[in-house]
Amino acid sequence: MSNTEEHTGLGTYFLVYALLMVGLIATVAVAYVPLGSWNLVVALLIAFTKATLVVLIFMHVLNSPRLTWIAVFAGLIWLSIMLSLMMADYATRTWLPTRAPADMAIPSYRELVPLSDDAVHAHGHGHGEAAHDEAASEEAAHDNEE
Amino acid sequence: MTGEIASTTALPNPEREPKNYLNAAWTVRSWLLTVDHKRIGLLYLAGITFFFLLGGAAAGLFRLELMTPQSDLMESETYNKLFTLHGIIMIFFFLVPGIPGVLGNFLIPIMIGARDMAFPKLNLMSWYLFMIGGCFTLYVTVAGGVDTGWTFYTPYSSTYSNTYVMATAVGIFITGFSSILTGLNFIVTVHKMRCPGMTWFRLPLFVWANYATALIMVLGTPVLAITILLVALERGLKIGIFDPRLGGDPVLFQHLFWFYSHPAVYIMVLPAMGVISELVAAFSRNRIFGYKLVAFASLAIAVLGFLVWGHHMFVSGQSLYAGMVFSVLSMLIAIPSAIKVFNWTLTLWRGEVTFSTPMLYSIGFLGLFTIGGLTGLFLATLGIDVHVHDTYFVVAHFHYVMVGGTVMAYLGGIHYWWPKMTGRMYPEGWARFSAVLVFVGFNLTFFPQFILGYLGMPRRYHVYDEGFQVLNVMSTAGASILGIAYLFPITYLIWSLKYGPKAPANPWNAVGLEWMTSSPPPTENFTETPVVDFEAYEYHRNAADSHG
Amino acid sequence: MSTTATLPTHTAKKTPVVAHHFDDWTQQYDACVLGMWTFLVTEVMFFGGAIAVYMIYRWQYPMAFAYASQELSAPLGTFNTFILLTSSLTVALGVRYAHTGESRKVGWMLISTIVLGAIFLGIKAYEYYTKFEHNLAPLLNLPFDYAGPDPGPTKIFFGLYFGMTGIHALHMIIGVVLMALYIPAAFRNEYRDGNSLGIEIIGLYWHFVDLVWIFLFPLLYLVDRSLAAPM
């Protein structure tokens with residue numbers, strides 16, 4: 001991987017740059033297409049594709065020794081450990097123990113952890129909207145689409 | 001601490017001694033701008049000893065206060081500041097940089113046959129960052145203290161505490177970078193600087209352990225940095241990141257904090273395990289039983305250590321299901337830890353065991369770390385943790401690991417490599433006496449705390465129920481013994497710098513590259529680059545049945 | 001990395017000067033590159049912590065984040081992304097010219113990168129300024145005028161916006177300063193022998209800063225634009 005390595009051609013760099021531009025336009029364009037929760041997925045997929053191009057070509061990982069690959073994957077894996085175990089807590093906080101009565105209403109996150117009054121004291125409207133669970137936000141979203 | 005450096009430099013007689021790293025130059029500048037890993041190791045030794053004494057003094061004071069159930073020696077606020085100071089100094093300025101900074105810096109390049117760390121200037125910068133962070137902490141101590149506990153839980157730290165949270169946060173942030181740079185240096189050094197023939201499985205286990213530690217430093221510490229930065233932004237710029245009044249979640253802070261701070265426990269104990277591997281092998285004259293298992297157990301602990309942080313948050317409002325996952329994962333850590341303990345024990349088996357001072361510390365480590373580790377399993381169990389959470393049981397548990405484990409190993413290591421570092425022998429009789437005294441004092445201090453915790457005495461309380469007094473008096477008595485026992489090595493080790501007998505190159509008749517160079521080593525470590533054609537811990541190399 | 005700064009800056013020898021503790025140039029080169037990659041891993045975890053906070057809050061307050069994101073200027077964000085991606089290209093070309101020994105071209109590429117970086121920072125500063133103008137900066141107890149629902153989580157969004165882009169901008173400023181330090185050497189024709197190590201290291205750093213922005217841009221500027229667009 002020393003200096004004697006063959007140089008990546010100029011054309012490759014411009015090709016990657018063009019692809020990055022395509023990715024940029026795609027991200028912005030897709031953001032305005034209503035895909036629901038898929039918007040985030042698509043945005044992240046495009047971002048990962050762009051990142052992969054930069055890492056592999058611009059940062060020369062493609063022609064690098066195994067150790068560099070290990071470093072890249074160590075970063076990715078540890079980041080995903082942090083994100084996934086943290087999310088494991090938040091995603092399951094509202095689950096009830098299995099032995100709860102069947103007719104018990106499942107509380108929303110906001111009912112379990114209500115916003116204090118201070119949270120909505122700021123300027124503008126918004127009073128009385130303290131308990132703003134996800135269902136309500138979905139409705140608000142649909143209202144706004146009209 | 002400058003006194004200690006000065007006495008070290010003033011020691012060898014220049015006209016008679018051959019050139020070594022100590023007598024190579026005499027100026028203060030040659031110490032403060034040195035890029036020699038050995039000198040940087042000694043700089044760390046000076047700094048760390050200072051902080052150890054400071055943190056110990058804080059502990060002594062509040063232990064004295066706890067002798068009686070009432071508040072008589074100090075106000076509650078002072079008490080809070082003292083235990084916070086003790087925690088912050090001992091964790092961030094003694095345990096985390098301790099063994100890697102002193103022994104790791106000094107030994108790793110020698111053990112792998114290199115002339116220096118991969119990035120010597122960065123290494124020096126690590127020490128300066130450590131000291132600058134330390135200065136912030138000293139400033140906080142003098143200016144009026146901080147009372148959040150070393151864990152900085154929000155929203156108390158970000159909103160309500162009126163003490164010097166910002167300065168402390170800055171200090172820890174800076175010291176964190178010292179830790180990151182040390183880790184980075186270790187990783188690159190072990191990968192790229194090994195001498196010819198030094199394959200991965202010929203590395204001493206001390207190097208393996210420090211490599212695993214470096215991985216945690218590099219992967220974990222940045223998360224602490226960003227967490228502290230967010231708290232500082234919240235406190236300083238009033239950006240509400242964890243503020244429950246805005247809908248922020250203080251438990252999220254705990255997630256981020258423990259993502260670093262649980263693996264940090266392994267930053268503290270893994271290098272200690274590395275030291276123990278060296279000591280046990282040298283003083284039972286045996287190859288470490290199951291070398292590869294011990295080496296991989298270090299890596300396994302480093303990796304698994306990142307999957308268990310939620311066991312600090314079982315009663316914080318964390319999801320029950322996440323708690324169950326974290327509980328199970330926490331128990332997995334017991335496997336590699338137990339592998340190590342069993343393998344050290346099996347190394348003693350049929351060995352020619354000599355009970356020199358380093359070995360006494362090792363034996364102490366084995367017993368105390370086992371108790372600390374097994375009580376850790378109690379705490380990892382969801383149901384039991386609800387009962388003993390935030391009680392003295394937890395305090396006793398982690399002191400068995402941190403003091404009974406790390407400090408014992410640190411002292412054992414300092415004694416073992418003292419002849420190599422300074423070229424002088426320490427007085428064996430005194431050293432054995434204080435090793436035993438440390439063990440007795442330690443157990444008297446912390447064993448009663450297990451019982452206190454199980455009976456329900458909460459940690460961090462200033463006044464307590466009168467029924468707890470007997471056990472608390474025992475604990476304070478033990479702490480007094482422990483405090484005195486720690487002063488012995490400091491005294492006789494400094495004494496030995498001038499009056500100790502000259503050390504031969506290999507006083508323990510041990511194997512390893514560090515014993516194949518002179519004591520103290522020359523600046524470039526070896527007169528010529530060594531070529532390794534032997535395995536680690538070949539204590540029976542010259543025996544008839546071996547491939548001599 | 002400290003050694004890289006003092007690499008081949010004075011002589012025009014074919015092989016660069018090897019620091020005293022390395023055996024040969026390959027060892028030094030590999031060590032420096034591995035060191036930089038290790039550093040970048042720490043940077044991933046550093047920004048990762050902020051991303052984790054963002055993830056949790058976006059999951060808890062999806063609509064608040066969607067509305068708050070509307071307050072950021074998508075055109076300016078897009079243009080800035082374009083600028084930063086272009087600067088990544090110029091750095092990559094700079095590294096290549098350092099490989100091939102075209103030292104002066106390295107200098108020009110560094111200058112272009114610095115100019116592009118400055119444009120990015122200028123636009124960023126303007127965006128910050130407009131946020132302060134419109135009372136959307138929840139710092140230092142400044143007034144916060146936000147007409148949408150959920151002002152609390154909205155404050156958190158803007159807190160994260162300022163925090164994350166601020167740390168990113170700080171990294172860019174560091175990168176610009178470091179790159180400026182390499183320009184004189186480039187115009188003294190010191191990369192004519194292909195001793196590209198220093199440029200490669202700074203290039204890796206700059207690409208990483210670019211990578212962070214590739215994620216920050218959709219995460220901050222383009223949150224559910226389709227849902228909340230016609231406010």
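1. The expected span of a helix is 1.5 Å times one less than its number of residues. Helix H12 of chain B, residues 334-348, passes that check: its 15 residues should span 21 Å, and its end C-alpha atoms are 21 Å apart, which agrees. The model is predicted, so this compares computed values.

2. The burial pattern of H12(B) deserves a look. Its buried residues are B:Pro336, B:Ser337, B:Lys340, B:Val341, B:Trp344 and B:Thr347. They cover an arc of only 140° around the axis, which puts them on the same side of H12(B). The helical repeat gives the background: an α-helix has 3.6 residues a turn, so residues three or four places apart point the same way. Note that the buried set includes B:Lys340 as well as B:Trp344.

3. Helix H5 of chain B, residues 120-143, can be checked in the same manner. Its 24 residues should span 34 Å at 1.5 Å a residue, and its end C-alpha atoms are 35 Å apart, which agrees. Just after H5(B) comes B:Gly144, with a positive phi of about 155°.

4. One runs from B:Thr154 to B:Pro155, with omega near 0°. B:Pro155 sits in the loop between H5 and helix H6 (156-160) of chain B. Another joins B:Ser519 and B:Pro520, with omega about -10°. B:Pro520 belongs to the segment after helix H17 (469-499) of chain B.

5. Next, positive phi at residues other than glycine. B:Arg285 is not a glycine, yet its phi is positive, about 50°. It is placed in the loop between helix H9 (250-284) and helix H10 (291-304) of chain B. B:Arg285 has 18 other C-beta atoms within 10 Å and is partly exposed; the cut-off for buried is 20 or more.

6. B:Tyr537 lies in the segment after H17 of chain B. Is B:Tyr537 buried or exposed? It is buried, with 25 other C-beta atoms within 10 Å.

7. Chain C holds 7 helices and 0 strands. Along the sequence its pattern reads α-α-α-α-α-α-α. The C-alpha trace of chain C spans about 65 × 30 × 30 Å along its principal axes. Of the 231 residues in chain C, 59% are buried.

8. Within chain C, start with H5(C). It has 37 residues and reaches 53 Å from its first C-alpha to its last, close to the 54 Å expected at 1.5 Å a residue. After H5(C) comes C:Asn189, whose phi is positive, near 65°.

9. How do H4 and H5 of chain C pack? Helix H4 (residues 103-133) and helix H5 (residues 151-187) of chain C meet at an angle of about 155°, with their axes 9 Å apart. Angles over 145 degrees count as roughly antiparallel, and H4(C) and H5(C) are therefore roughly antiparallel to each other. The crossing of H4(C) past H5(C) is left-handed. The residues of the contact of H4(C) with H5(C) divide into 17 nonpolar, 6 polar and 2 charged.

10. H5(C) also pairs with helix H6 (residues 197-221) of chain C. The axes of H5(C) and H6(C) come within 10 Å and cross at roughly 160°. That makes H5(C) roughly antiparallel to H6(C). The crossing of H5(C) and H6(C) is left-handed.

11. C:Gly163 lies in helix H5 of chain C. With 21 C-beta neighbours inside 10 Å, C:Gly163 counts as buried, the cut-off being 20 or more. C:Gly163 and C:Ser73 are 90 residues apart along the chain, and their C-alpha atoms are separated by 17 Å.

12. Last, chain A. It has 5 helices and 0 strands. Read along the sequence, the pattern of chain A is α-α-α-α-α. Buried residues account for 26% of its 146 residues, while in chain C they account for 59% of 231.

Definitions and conventions: Residues are numbered from 1 along each chain as its sequence is written. Chains are lettered from A and ligands numbered from 1 in the order in which they are written. This is a predicted model: local features need pLDDT of at least 70, side-chain atom pairs count only at pLDDT 80 or more; totals for chains, interfaces and linings use all residues. Axes are lines fitted to C-alpha atoms, for helices over the stretch in contact, and angles run from 0 to 180 degrees between N-to-C directions. Helices (H or I, at least four residues) and strands (E, at least two) are DSSP runs, numbered from the N terminus. Angles under 35 degrees count as roughly parallel, over 145 as roughly antiparallel, 65 to 115 as roughly perpendicular and the rest as oblique. A crossing is left-handed if the near helix is turned anticlockwise from the far one by less than a right angle, and right-handed if clockwise. Ala, Val, Leu, Ile, Met, Phe, Trp, Tyr, Cys and Pro count as nonpolar, Asp, Glu, Lys and Arg as charged, and the others, Gly among them, as polar. A residue is buried if 20 or more other C-beta atoms lie within 10 Å of its own, exposed if 12 or fewer, and partly exposed in between; C-beta atoms are placed from the backbone. The arc is that of the directions from the helix axis to the C-beta atoms.
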